[in-house]
Amino acid sequence: MAVVEIVSFGYLHDAPPTAHLTIDLRHHFRDPHVAPELRYMTADDAPVRAAVLNTPGITALVDATATAVAAFACGPSAGTVTVADGCAGGRHRAPTFARVLAERLSAAGHLVQVHHRDIDKDVVQR
């Protein structure tokens with residue numbers, strides 16, 4: 001199976017990383033940042049993961065992304081497939097999505113590497 005690199009990031013910190021697939025989670029999925037009790041937490045915290053994963057559509061997007069990765073992986077030039085997924089600050093939605101996608105792809109037999117580019121950066125004040 002293919003090697004898959006997943007990079008979560010925040011659009012408000014820097015440009016998206018180069019990737020075969022870039023998933024923008026900013027506008028269609030609930031942002032835990034708006035809840036004061038979740039704002040300073042990250043995807044390392046269970047309440048943040050629950051808030052993200054209980055957002056309608058997120059599971060369907062993980063499924064669709066996994067299907068797209070499989071298509072890239074079986075191409076004639078298949079090498080490492082890179083997926084970048086971003087939210088506003090890179091602390092909540094993107095790393096949660098990246099982890100769930102990684103679990104799904106690992107279960108399908110892919111070797112997965114995950115990097116959270118911005119999870120440890122300061123909360124963006126907006």
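The axes of helices H3 and H4 come within 10 Å of each other and cross at roughly 50 degrees. Axes here are lines fitted to C-alpha atoms, for helices over the stretch in contact, and the angles run from 0 to 180 degrees between N-to-C directions. H3 and H4 are therefore oblique to each other; angles under 35 degrees count as roughly parallel, over 145 as roughly antiparallel, 65 to 115 as roughly perpendicular, and the rest as oblique. On the H3 side, the contact is made by Ile-58, Leu-61, Val-62, Asp-63, Thr-65, Ala-66 and Val-69, and on the H4 side by Phe-97, Val-100, Leu-101, Arg-104 and Leu-105. Contact means heavy atoms within 4.5 Å. By class, this contact has nine nonpolar, one polar and two charged residues, where Ala, Val, Leu, Ile, Met, Phe, Trp, Tyr, Cys and Pro count as nonpolar, Asp, Glu, Lys and Arg as charged, and the others, Gly among them, as polar.

Before we go on, a word about what you are looking at. This is a predicted model, in which local features need pLDDT of at least 70 and side-chain atom pairs count only at pLDDT 80 or more, while totals for chains, interfaces and linings use all residues. Residues are numbered from 1 along each chain as its sequence is written, and side-chain values use heavy atoms, with hydrogens and water left out. Helices (H or I, at least four residues) and strands (E, at least two) are DSSP runs, numbered from the N terminus.

H4 has another partner in H2. These two helices pack at an angle of about 80 degrees, with their axes 9 Å apart, and are therefore roughly perpendicular to each other. Val-48, Arg-49, Val-52 and Leu-53 of H2 meet Arg-93, Thr-96 and Val-100 of H4. Sorted by class, that contact has four nonpolar, one polar and two charged residues.

Now for the core. In soluble globular proteins, nonpolar side chains tend to be buried together. Here the largest nonpolar core has 26 residues, and Ile-6, Leu-25, Val-83, Leu-101 and Leu-105 touch the most other members. Such a core is a set of buried Ala, Val, Leu, Ile, Met, Phe, Trp, Tyr and Cys residues joined through side-chain atoms within 4.5 Å. Two or more residues come from each of strand S1 (3-10), strand S2 (21-24), helix H2 (46-53), helix H3 (58-73), strand S3 (81-87) and helix H4 (93-107). H4 gives the most, with six residues. Leaving out residues up to four places away in sequence, Val-83 touches Val-4, Glu-5, Ile-6, Val-7, Ala-19, Leu-21, Ile-23, Thr-65, Val-69 and Leu-101.

Thr-82 lies in strand S3. Is Thr-82 buried or exposed? Thr-82 is buried, with a relative accessible area of 11%; buried means under 20% relative accessible area, exposed over 50%, and partly exposed in between (1.4 Å probe, protein chains only). Beyond residues up to four places away in sequence, Thr-82 touches Glu-5, Thr-18, Ala-19, His-20 and Leu-21.

Back on H3, Asp-63 has its place in that helix and counts as partly exposed, at 35% relative accessibility. Asp-63 and Arg-104 are 41 residues apart along the chain, and their C-alpha atoms are separated by 8.2 Å.

Finally, look at the loop between S1 and S2, where you will find His-13. This residue is partly exposed, with a relative accessible area of 26%. Which residues are in contact with His-13, leaving aside its neighbours within four places in sequence? They are Gly-89, Arg-117, Asp-118, Lys-121, Asp-122 and Val-124. Of these, Asp-122 lies in the segment after strand S4 (111-116) and counts as exposed, at 65% relative accessibility. Asp-122 touches His-13 and Arg-91, again not counting residues up to four places away in sequence.
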